[in-house]
Protein chains: 2
Amino acid sequence: MAEDETPEVQQLPEIIVLGPPVVFETYEKEFCSKFRILRPWESTLPLSEFLLAHAQNTNAALCSGYFLLSTAVLRHLPSLRLVVTTSAGVDHIDLSECRRRQISVANASTLFSADVADLAVGLLLNVMRQISAANRLVKNGLWPKTGDYPFGSKLGGKKVGIVGLGSIGLEVAKRLEAFGCIISYHSREKKSFVLYPFYRDILELAAISDVLVICCALTKQTRHLIDREVLLALGKKGFIVNIARGPIIDENELVLCLQQGLIAGAGLEVFENEPHVPEALFSLNNVVLSPHSAAFTMESLWDSYEITSGNLEAFFSNKPLLSPVLDK
Amino acid sequence: MAEDETPEVQQLPEIIVLGPPVVFETYEKEFCSKFRILRPWESTLPLSEFLLAHAQNTNAALCSGYFLLSTAVLRHLPSLRLVVTTSAGVDHIDLSECRRRQISVANASTLFSADVADLAVGLLLNVMRQISAANRLVKNGLWPKTGDYPFGSKLGGKKVGIVGLGSIGLEVAKRLEAFGCIISYHSREKKSFVLYPFYRDILELAAISDVLVICCALTKQTRHLIDREVLLALGKKGFIVNIARGPIIDENELVLCLQQGLIAGAGLEVFENEPHVPEALFSLNNVVLSPHSAAFTMESLWDSYEITSGNLEAFFSNKPLLSPVLDK
């Protein structure tokens with residue numbers, strides 16, 4: 001890649017792009033006007049060899065939420081001082097290794113919270129009011145032939161348990177209050193700034209809720225937090241929406257509960273083994289699926305370019321990061 | 001039907017059921033415990049002959065929004081004093097004839113407003129965030145094969161024009177404010193109880209709006225209120241949702257504008273010639289269709305039974321109607 005580089009480009013600060021993220025593909029020209037880009041995905045070399053050959057002096061990396069930034073990858077980037085991820089979640093980055101090596105990490109912060117909360121409500125409305133099922137019925141020309149479309153469930157008055165009352169959870173709560181839903185929540189600690197009832201015990205929250213909306217980060221503590229017992233406590237009339245991370249729900253158990261009618265329906269934006277989705281979900285009318293694209297609006301993509309390039313520029317000019325997760 | 005009637009049933013107040021409405025089919029037993037039911041749809045006679053033979057002394061009728069209660073039908077019901085419709089809209093009833101004959105009319109009032117507003121927001125989220133399209137992509141197993149799913153549009157900050165700020169329009173506005181939308185409205189008259197900007201001119205509202213949500217009643221004045229000119233003013237990035245009545249939009253022009261990309265997308269619950277929907281809409285990814293079922297939730301169906309039977313009982317015991325549209 002170096003052959004066609006102008007002297008101007010060679011003087012730009014160098015970053016390695018891993019993935020590459022959608023925002024990089026979309027705003028490549030803008031990134032290239034600010035940074036000299038290392039592009040391992042264009043090389044025939046395996047990643048580790050590429051890093052050894054080209055990235056031994058590289059100080060900054062840009063990655064998406066899909067790129068697993070493991071200890072092994074970090075080991076091949078000995079000069080790394082900053083990781084900027086285009087995602088809000090940082091569960092794909094080995095944070096303890098970054099901490100040990102004093103590598104700073106910046107994320108999308110709350111940039112996507114409104115869009116993700118919008119999709120959470122969209123999925124809930126879709127599955128409770130059977131919007132995709134109705135759309136299929138009409139588009140297949142079946143309306144004049146059947147009066148037998150299924151009745152939906154009313155949102156108003158439903159008890160919604162928010163699991164994880166961070167930035168996204170709060171946005172979901174605000175929206176669902178406007179629909180007349182009654183909000184409670186579970187999180188590690190009670191939040192002093194809200195009046196919603198707090199449930200330390202997830203099982204207790206599931207038992208009193210008509211709907212669970214999963215909005216927490218994926219950590220060792222939240223992996224399979226939603227297990228069979230929680231799903232059974234949510235019950236036959238209960239709906240679940242997950243816009244957080246797939247492994248927070250035990251996916252095998254979720255599929256069984258949906259197949260057996262042990263819960264009423266699900267709206268799922270994330271899965272345990274993306275982009276692979278259990279095929280058993282494809283034929284279920286009470287399940288609406290989304291390809292981990294909650295943050296993908298044209299408007300947020302531009303905002304995402306601004307915050308990622310802003311974090312990189314701040315780093316290279318020794319200014320404070322815009323949205324640090326770890327700051328050395 | 002008279003043969004197997006017990007003396008107890010014969011003493012119940014008589015109503016004629018026209019349609020029959022879904023709420024009657026669902027709660028038939030409950031209706032039958034309170035009223036003696038005339039069932040023209042079970043007879044081999046044409047409706048007019050059935051009415052001449054059986055309903056000359058009948059004082060009360062129950063109908064759905066789908067049953068056209070024309071002057072001709074009313075003429076065959078000379079003793080009619082009350083019409084109870086299970087719908088909120090009364091455009092299927094010849095109101096001026098009812099007024100002339102001093103026949104009272106009762107409707108569902110605001111019973112369905114929350115459910116209909118929920119569906120309006122659900123359709124808008126669906127079409128702007130491409131939820132049904134994403135669901136199809138994942139359920140067809142295409143996620144691992146394509147990264148090429150379409151980007152949606154962000155709701156936050158969008159200007160939403162509500163056409164008709166009645167009970168449903170206000171509920172839609174309340175919900176969309178929680179998503180960060182900016183509300184304006186058009187109606188016959190400025191409402192003193194809201195601060196949203198009022199546009200007397202629908203064209204002007206369309207021109208400043210990113211989204212139009214149609215929530216007004218169908219009248220002579222609102223038929224084809226949304227014509228080609230209004231759609232062009234809404235523009236290429238504009239979305240439209242109709243949960244009111246099909247003929248408020250010029251459907252032919254809407255189809256053309258959607259096909260030609262002159263507006264961005266539509267969420268449609270109602271159509272000009274239900275249950276027939278223009279086939280050109282079936283293949284459009286930027287259109288989400290619903291079979292006029294916004295009021296169909298299990299919870300509202302029971303409420304609907306209560307208000308319709310309550311209106312009938314009030315009439316027969318000379319009490320004020322619960323939800324009069326016309327009161328003699």
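Biologist: Which rings link up with F24(A) into a cluster?
Modeller: In this predicted model, ring pairs join F24(A) with Y27(A), F31(A), W41(A), W302(A) and Y305(A).

Biologist: Nice. How many aromatic pairs are there over all chains?
Modeller: The count comes to 23 aromatic pairs over all chains. One of them is formed by F179(A) and F179(B), and that pair is edge-to-face. Their ring centres are 6.2 Å apart, with 85 degrees between the planes.

Biologist: Where do those two residues sit in their chains?
Modeller: The pair crosses between chains. F179(A) is in the loop between α9 (167-178) and β7 (182-186) of chain A, and F179(B) is in the loop between α9 (167-178) and β7 (182-186) of chain B.

Biologist: Are F179(A) and F179(B) buried or exposed?
Modeller: Both F179(A) and F179(B) are buried.

Biologist: What about F35(B) and F316(B), what kind of pair do they make?
Modeller: Their ring centres lie 6.2 Å apart and their planes are at 40 degrees, so the pair is tilted.

Biologist: Switching to helices: at what angle do α9(A) and α9(B) pack?
Modeller: The angle is about 175 degrees, and the axes are 8 Å apart. That makes α9(A) roughly antiparallel to α9(B).

Biologist: Which residues meet there?
Modeller: K174(A), R175(A) and A178(A) in α9(A) meet K174(B), R175(B) and A178(B) in α9(B). By class, this contact of α9(A) with α9(B) has 2 nonpolar, no polar and 4 charged residues.

Biologist: Then how do the two α8 helices pack?
Modeller: Helix α8 (residues 131-139) of chain A packs with helix α8 (residues 131-139) of chain B at about 85 degrees, their axes 10 Å apart. So α8(A) is roughly perpendicular to α8(B). On the chain A side S132(A), N135(A) and R136(A) meet S132(B), N135(B) and R136(B) of chain B. The contact of α8(A) with α8(B) has no nonpolar, 4 polar and 2 charged residues.

Biologist: What rotation superposes chain A on chain B?
Modeller: A rotation of 180 degrees does, with 0.0 Å of shift along its axis and an RMSD of 0.0 Å. The two copies are thus related as by a two-fold rotation axis. The same surface serves both copies, as 100% of the contact residues of chain A recur in chain B.

Biologist: New topic: which residues of helix α12 in chain B are buried?
Modeller: In α12 (residues 251-259) of chain B, the buried residues are E251(B), E253(B), L254(B), V255(B), C257(B) and L258(B). The buried residues of α12(B) pack against α11 (228-234), β9 (239-242), β10 (265-268) and β11 (287-289) of chain B. Just after α12(B), G261(B) has a positive phi of about 70 degrees.

Biologist: Last one: where does E272(A) lie?
Modeller: E272(A) lies in the loop between β10 (265-268) and β11 (287-289) of chain A. With a relative accessible area of 33%, E272(A) is partly exposed. Leaving aside neighbours within four places in sequence, E272(A) is in contact with H224(A), G246(A), P247(A), I249(A), D250(A) and E251(A).

Terms used: Residues are numbered from 1 along each chain as its sequence is written. Chains are lettered from A and ligands numbered from 1 in the order in which they are written. This is a predicted model: local features need pLDDT of at least 70, side-chain atom pairs count only at pLDDT 80 or more; totals for chains, interfaces and linings use all residues. Side-chain values use heavy atoms; hydrogens and water are left out. Copies are superposed by least squares on the C-alpha atoms of residues with pLDDT of at least 70 in both. Contact means heavy atoms within 4.5 Å. Rings of Phe, Tyr and Trp (its six-membered ring) pair if their centres lie within 6.5 Å; planes under 30 degrees apart count as stacked, over 60 as edge-to-face and the rest as tilted. Helices (H or I, at least four residues) and strands (E, at least two) are DSSP runs, numbered from the N terminus. Buried means under 20% relative accessible area, exposed over 50%, partly exposed in between (1.4 Å probe, protein chains only). Axes are lines fitted to C-alpha atoms, for helices over the stretch in contact, and angles run from 0 to 180 degrees between N-to-C directions. Angles under 35 degrees count as roughly parallel, over 145 as roughly antiparallel, 65 to 115 as roughly perpendicular and the rest as oblique. Ala, Val, Leu, Ile, Met, Phe, Trp, Tyr, Cys and Pro count as nonpolar, Asp, Glu, Lys and Arg as charged, and the others, Gly among them, as polar.
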